[in-house]
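Subject: Structure handover

Hi,

Here is the structure we talked about. Please open it first, then read my notes below with the model on screen.

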Amino acid sequence: MNAIIAVNSLEKSFGGKKVVKEISFDVKPGEILCLLGPNGAGKSTIINILCGILGYDAGEMSYKGKNINACMNNFKKHLGVVPQDLAIYEELSAAQNVSFFASLYGLKGKELAEKVTRALDFVGLLEKGKDKVKTFSGGMKRRLNIACAIAHEPELLIMDEPTVGIDPQSRNHILNSIKKLSQHGMTILYTTHYMEEVEEISTRILIMDSGTVIAEGTKESLKKDVFDERQFIMEIEEDNNLNIDEFYNIEGIKKVEKKEQLLTITTLKNIENLDKIIALVITSKSKIINLFCRTASLENVFLRLTGKSLRE
């Protein structure tokens, strides 16, 4: 599948310090590519370069196979941007804001009016179209910011932390909207500091650290590649006949911990040994009250790869 955007060996320095180091990646049609990394990883620099705000020192970027520099005007016509800092006018109404930004893409007359209505309806602000933005809550302003970016129906939408500082209801609305946009064929490049958002919406993930790409893939493939373990958590009735050391005779067992009624068994993921674990517990005449399996989270993957939390 041809990429909407392809970045090859991109480099950028500030004051002699290289902040983007031979970055290469692509953005495929219809996907939600989440760009992750701790502060200072180079995410914002990449976004600003893609948007044409910053130049770059070396490398190439292409749009549908053509060098972006050679087709910049055409590329920007098909690009929508939701910046981290709100880009709306407080003294104008919601409809006037969307109309202004959509008109910058050449929309006018009946087509402009229809697309303004459609964008406001999509973000749940149609009934607030005539209200001034200064009366809006933070979540409503964030949703309006999205409406301004999608009214011209871009092919590629770049969203830089669009849910910062908003209420859970508005966040859920935005995440659901992003999934709908993707289902309708829009391609989305998304950055966030909330790992649960990545878990919910991403179709592919790109993890950066110190100006380089250190991992990429789906959330499932990243978890599988980084962690070869899983944990079985058992709640059992207290029984002194249970010998923890005997579990280590079972193939794949790496660690066994018992705290009161909870038995935590860490085992290699590719070895099927749950039946033997259960049999040993039953043989000891302990009763299993509850059992569940815990696998690695995306947060665990991120910490393992970068040594930092996403919000650092």
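This is a predicted model: local features need pLDDT of at least 70, side-chain atom pairs count only at pLDDT 80 or more, and totals for chains, interfaces and linings use all residues. Residues are numbered from 1 along each chain as its sequence is written, and side-chain values use heavy atoms, with hydrogens and water left out.

Start with the overall layout.

Some terms before you look. Helices (H or I, at least four residues) and strands (E, at least two) are DSSP runs, numbered from the N terminus. Two strands pair if DSSP finds at least two bridges between them.

Now find the open sheet of four strands, ordered β2-β1-β4-β5. Its pairing is antiparallel. β2 (17-27) and β5 (66-67) are at the edges with a single partner strand each, so one side of each has no neighbour in the sheet. Two bridges hold the antiparallel pair of β4 (residues 58-63) and β5. Look at Tyr63: its bridge partner in β5 is Lys66.

Helix α1 (residues 43-50) lies across β1 (5-14), β2 and β4. The helix runs at about 115 degrees to β1. Angles run from 0 to 180 degrees between N-to-C directions, and axes are lines fitted to C-alpha atoms, for helices over the stretch in contact.

Is α1 enclosed or open? Six of its eight residues are buried, so α1 is largely enclosed by the rest of the structure. Buried means under 20% relative accessible area, exposed means over 50%, and partly exposed is in between (1.4 Å probe, protein chains only). The buried residues of α1 are Lys43, Thr45, Ile46, Ile47, Ile49 and Leu50. After α1 comes Gly52, with a positive phi near 85 degrees.

Phe14 lies in strand β1. Phe14 is partly exposed, at 39% relative accessible area. Leaving out residues up to four places away in sequence, Phe14 touches Val19, Thr45 and Leu54. Contact here means heavy atoms within 4.5 Å.

**Two packed helices**

Two packed helices are described by the angle between their axes and the distance between the axes. For α3 (residues 94-103) and α5 (residues 138-150), the angle is about 30 degrees and the axes are 8 Å apart. Their crossing is right-handed. That label applies if the near helix is turned clockwise from the far one by less than a right angle, and left-handed if anticlockwise.

Which residues meet? Ala94, Asn97, Val98 and Phe101 in α3 meet Leu144, Ala147 and Cys148 in α5. By class, this contact has six nonpolar residues, one polar and no charged. Ala, Val, Leu, Ile, Met, Phe, Trp, Tyr, Cys and Pro count as nonpolar; Asp, Glu, Lys and Arg as charged; the others, Gly among them, as polar.

Ser93 sits in the loop between β6 (79-82) and α3. Its relative accessibility is 8%, so Ser93 counts as buried. Not counting residues up to four places away in sequence, Ser93 touches Gly129, Lys130, Asp131, Lys132 and Val133.

**The sheet with β11**

Another open sheet has four strands in the order β12-β13-β11-β14, and the pairing is antiparallel. β12 (253-259) and β14 (288-294) are the edge strands, each pairing on one side only. From one strand to the next, the twist averages 15 degrees.

β11 (residues 229-236) is joined to β14 by six bridges. Phe232 has Cys293 as its bridge partner in β14. Helix α9 (residues 274-283) packs on this sheet and touches β11, β12, β13 (262-268) and β14. The direction of α9 makes about 25 degrees with that of β11. Seven bridges link β11 and β13, again antiparallel. Met234 has Leu263 as its bridge partner in β13.

Last, check Glu235 in strand β11. At 30% relative accessibility, Glu235 counts as partly exposed. Leaving aside neighbours within four places in sequence, Glu235 contacts Gln261, Leu262, Lys287, Ile288, Ile289 and Asn290. The C-alpha atoms of Glu235 and Lys259 are separated by 9.9 Å, and the two residues are 24 residues apart along the chain.

Best wishes
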